[in-house]
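Here is a short briefing on one protein chain. Keep the sequence and the structure open side by side as you read.

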Amino acid sequence: MCRLINIDSLELKPNKNIKDRPIMIEYAEKTKKILELLLTPILYIEFEEEDKYGRLLGTVYLTERIKCIYFYSYYKKGLNINSWFITNSLVNSYDGGTKEEYNIEWVIKNKENIDKILDELETNPNLKYELTN
């Protein structure tokens with residue numbers, strides 16, 4: 001298990017006193033669902049370092065299976081999941097410094113996008129193999 005490097009996402013269990021908490025939780029759960037749909041049994045993970053809390057940081061890639069002569073196959077790095085989540089505004093980038101605070105305006109602004117991506121991945125499971133970085 002590793003934490004995705006350069007990623008800051010909404011908490012699945014935010015503080016109870018946060019306004020609009022149910023909407024924030026719903027968004028966090030959808031983000032987690034997209035990650036689960038994208039992950040395949042064959043991943044490539046580049047481990048980087050530990051964060052200030054001692055958690056291992058890494059970059060996760062989908063892999064592409066390459067068929068070779070002699071009936072062997074190997075896998076090469078494909079889509080960078082970390083960058084893809086940032087590019088598609090599903091999470092904020094994070095460099096270990098001060099975090100950008102999530103607020104309800106950010107969630108509302110990106111809700112349509114996350115719903116669209118989740119719907120596409122749920123209706124077309126092979127879409128993850130067609131994604132580009």
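Is Lys 30 buried or exposed? Lys 30 counts as buried, because its relative accessibility is 16%, and buried means under 20%. The model is predicted.

**Helix 1**
- Helix 1 has 18 residues. From first C-alpha to last, helix 1 reaches 26 Å, close to the 26 Å expected at 1.5 Å a residue.
- Its buried residues are Met 24, Ile 25, Tyr 27, Ala 28, Lys 30, Thr 31, Ile 34 and Leu 38.

**Salt bridges**
- Side chains of opposite charge can pair when their charged atoms come close. There are 6 salt bridges in the structure.
- Lys 30 pairs with Glu 26, with 3.1 Å between the closest N and O atoms. Both sit in helix 1, 4 residues apart, about one turn of the helix.
- Glu 26 is partly exposed, at 32% relative accessible area.
- Lys 30 also forms a salt bridge with Asp 115, at 2.5 Å from N to O. This pair links distant parts of the chain: Lys 30 is in helix 1 and Asp 115 in helix 3, 85 residues apart.
- Asp 115 counts as partly exposed, with 26% relative accessibility.
- Lys 32 and Glu 36 form another salt bridge, at 4.0 Å from N to O. They are separated by about one helical turn, because they lie 4 residues apart in helix 1.
- Lys 32 is partly exposed at 42%, and Glu 36 is partly exposed at 47%.
- Shared partners join Glu 26, Lys 30, Lys 111 and Asp 115 into one salt-bridge network.

**Nonpolar core**
- In soluble globular proteins, nonpolar side chains tend to be buried together.
- The largest nonpolar core has 25 residues. Leu 10, Ile 34, Trp 84, Phe 85 and Leu 90 touch the most other members.
- Helix 1, strand 4, helix 2 and helix 3 each give two or more residues to this core. Helix 3 gives the most, with 7 residues.
- Beyond four places away in sequence, Ile 34 touches Trp 84, Phe 85, Leu 90, Ile 114, Ile 117, Leu 118 and Leu 121.

**Nonpolar surface patch**
- Leu 39, Leu 43, Ile 45, Phe 47 and Leu 56 make a nonpolar surface patch of about 370 Å².
- Strand 3, residues 43–50, supplies the largest share of the patch, 3 residues.
- Phe 47 lies in strand 3. At 48% relative accessibility, Phe 47 counts as partly exposed.

Definitions and conventions: Residues numbered from 1 in each chain as written. Predicted model: local features only at pLDDT ≥ 70, side-chain atom pairs only at ≥ 80, totals over all residues. Heavy atoms only, no water. Core = buried A, V, L, I, M, F, W, Y, C linked by side-chain atoms within 4.5 Å. Buried < 20%, exposed > 50% of the residue type's maximum accessible area, 1.4 Å probe, protein only. Contact = heavy atoms within 4.5 Å. Patch = residues over 30% accessible without salt bridge, like charges linked within 9 Å, V, L, I, M, F, W, Y side chains within 5 Å. Areas by Shrake-Rupley, 256 points an atom, 1.4 Å probe, with all protein chains shown as cover. Salt bridge = Lys/Arg side-chain N within 4 Å of Asp/Glu carboxyl O. Expected span 1.5 Å × (residues − 1).
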